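Please look over the sequence and the model shown here.

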Amino acid sequence: MREWKRWTVEEDKKLLKEYKLKGPTKLSKEMTNRTIYAIMQRYRILTQSNKPIERIHETQIDKCPFCGSSRINKVDTWYGNVVEAYYCVNCLKEFLPNRELIPPLYADGCEGR
Ligand SMILES: [Zn+2]
């Protein structure tokens, strides 16, 4: 049975970056949940539209992209400037409308030098 899962931003980026280098056969081995045909078709869709990534902004976020929880709040947060973002109550992650994770301000590794 083939399952049609939504393409993630990461997958789209990978396709756009690596499709020409690797080709659909090699990519399908790296992206085990995608068939060669699905990859070819997706690449065609991505390269046909003008702004493949921006399209996702229009999608209403109703689930956390990291844990799948629907317990998310819309918040204003600081990410270079004030941006609209989402906060997951379940896994305590903040992310942008395009599902990109906003790293915590107090990220590990900054201190203790
Ligand atoms: Zn979450």
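**Basis.** This is a predicted model, in which local features need pLDDT of at least 70 and side-chain atom pairs count only at pLDDT 80 or more, while totals for chains, interfaces and linings use all residues. Residues are numbered from 1 along each chain as its sequence is written, and side-chain values use heavy atoms, with hydrogens and water left out.

**Fold.** The protein chain has two helices and four strands. Their order from the N terminus is α-α-β-β-β-β. Helices (H or I, at least four residues) and strands (E, at least two) are DSSP runs, numbered from the N terminus. Of the 113 residues in the protein chain, 31% are buried. Buried means under 20% relative accessible area, exposed over 50%, and partly exposed in between (1.4 Å probe, protein chains only). Among contacts in the protein chain with a separation of 6 or more, 38% join residues 24 or more positions apart. Contact means heavy atoms within 4.5 Å.

**Sheet.** Four strands form an open sheet in the order β1-β2-β3-β4, with antiparallel pairing. Its edge strands are β1 (72–79) and β4 (101–102), each pairing on one side only. Two strands pair if DSSP finds at least two bridges between them. Strand β3 (residues 94–95) and β4 are joined by two bridges in the antiparallel sense. Phenylalanine 95 faces leucine 101 of β4.

**Zinc site.** Which residues coordinate the zinc ion? The donors are Cys64 (SG), Cys67 (SG), Cys88 (SG) and Cys91 (SG), at 2.2 to 2.3 Å. Donors are N, O and S atoms within 2.8 Å of the metal (3.2 Å for Na, K and Ca); water is not among the atoms, so sites may look incomplete. In sequence, the donor residues follow the spacing C-x2-C-x20-C-x2-C. The site is tetrahedral, with angles of 106 to 118 degrees among the four donor atoms of the zinc ion. Four donors count as tetrahedral if all angles lie between 85 and 135 degrees. The ideal angle for four tetrahedral donors is 109.5 degrees.

| Residue | Relative accessible area | Class |
|---|---|---|
| Cysteine 67 | 35% | partly exposed |
| Cysteine 88 | 0% | buried |
| Cysteine 91 | 25% | partly exposed |

A search of the whole structure finds zero disulfides. A disulfide is a pair of cysteine sulfur atoms within 2.5 Å.

**Serine 69.** This residue lies in the loop between α2 and β1. Is serine 69 buried or exposed? Serine 69 is buried, because its relative accessible area is 12%. Beyond its neighbours within four places in sequence, serine 69 is in contact with Asp62, Lys63, Cys64, Cys88 and Asn90. Two of these, Cys64 and Cys88, are zinc donors. A polar atom of the serine 69 side chain lies 3.0 Å from the backbone nitrogen of arginine 71.

**Isoleucine 36.** This residue lies in helix α2 (residues 36–48). Isoleucine 36 counts as partly exposed, because its relative accessibility is 37%. Not counting residues up to four places away in sequence, isoleucine 36 touches Pro24, Thr25 and Ser28. Glycine 23 is 13 residues from isoleucine 36 in sequence, and the two are 9.2 Å apart in space, C-alpha to C-alpha.

Notes: Tetrahedral: all angles 85-135°; square planar, octahedral: opposite > 155°, others 65-115°. Polar contact = N/O pair within 3.5 Å; in protein donor to acceptor, adjacent residues only side chain to side chain.
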